Amino acid sequence: MSTTVDVPESSNVGKGKAVAVGRPGGWKKGLAIMDFILRLGGIASSLGAAATMGTSDQTLPFFTQFFQFEASYDSFTTFQFFVITMSLVAGYLVLSLPFSVVAIIRPHAAGPRLFLIILDTVFLTLATASGASAAAIVYLAHNGNQDSNWLAICNQFGDFCAQTSGAVVASFVAVVILVLLVIMSALLLKRHQS
């Protein structure tokens, strides 16, 4: 025993045509929201890198309290450059949040996106330069250089080296976030052209 049911075809839907679900261009708004979230993460990582490096300081007593060895970020011009640059990156990311909000509200507008991609690239370059230069100094602090007769200081200044290493890692997290922001903006601008 079998029963067949005949269902008439609806006149609204033609054969072979797909029905679109959702709003057209909704993915652009989704990427714009992701852009905003990444900017918040970039603020946290770059500000954390600057604060961690800026507070890195360790003093070792030697015989008396009047004769001490000190390691501080301001003893190295590279670390000073790092703190200034990562602070600038964090400040830029804070100031770019309104443009990111405009990109969420108007996902088809190319002007704010073009402005953001240009400045994101500039600050990506600054963050990469400061992170790489600080990483070189942190490497020397951990390993030294026998050819130049530079001794590794991390055996004595362990806390200082741990803080500076953490700051460098946080700066490279900010670099990765800025790379993602540039790629997302480029994809969105490419879609504007086609």
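**A buried charge network and its aromatic neighbours**

D120 is buried, with a relative accessible area of 0% (buried means under 20%, exposed over 50% and partly exposed in between, using a 1.4 Å probe and protein chains only). This is a predicted model, so to speak of local features takes a pLDDT of at least 70 and side-chain atom pairs count only at pLDDT 80 or more, while totals for chains, interfaces and linings use all residues. Residues are numbered from 1 along each chain as its sequence is written, and side-chain values use heavy atoms, with hydrogens and water left out.

What does D120 pair with? Its salt-bridge partner is R39, with the closest N and O atoms 2.8 Å apart (a salt bridge is a side-chain nitrogen of Lys or Arg within 4 Å of a carboxyl oxygen of Asp or Glu). That pair links distant parts of the chain, since R39 sits in helix α1 and D120 in helix α3, 81 residues apart (helices are DSSP runs of H or I with at least four residues, strands are runs of E with at least two, and both are numbered from the N terminus). R39 also bridges to D35, this time at 2.9 Å between the closest N and O atoms. D35 and R39 are four residues apart in helix α1, so about one helical turn separates them. Both come out buried: D35 has 0% relative accessibility, and R39 has 0% as well.

D35 has another partner in R113, the closest N and O atoms being 3.4 Å apart. Because R113 lies in helix α3 and D35 in helix α1, this pair ties together parts that are 78 residues apart in sequence. R113, like D35, is buried. The structure holds three salt bridges, and D35, R39, R113 and D120 are linked in a network of them.

Aromatic contacts come next. A search of the whole structure turns up five aromatic pairs (rings of Phe, Tyr and Trp, the last by its six-membered ring, pair if their centres lie within 6.5 Å; planes under 30 degrees apart count as stacked, over 60 as edge-to-face and the rest as tilted). One of them joins F79 and F160, whose ring centres are 6.3 Å apart with planes at 55°, so the pair is tilted. F79 lies in helix α2 (residues 77-105) and F160 in helix α4 (residues 158-193), so the contact ties together parts 81 residues apart in sequence. F79 and F160 are both buried. F99 and F115 form another tilted pair, at 4.8 Å centre to centre and 45° between the planes.
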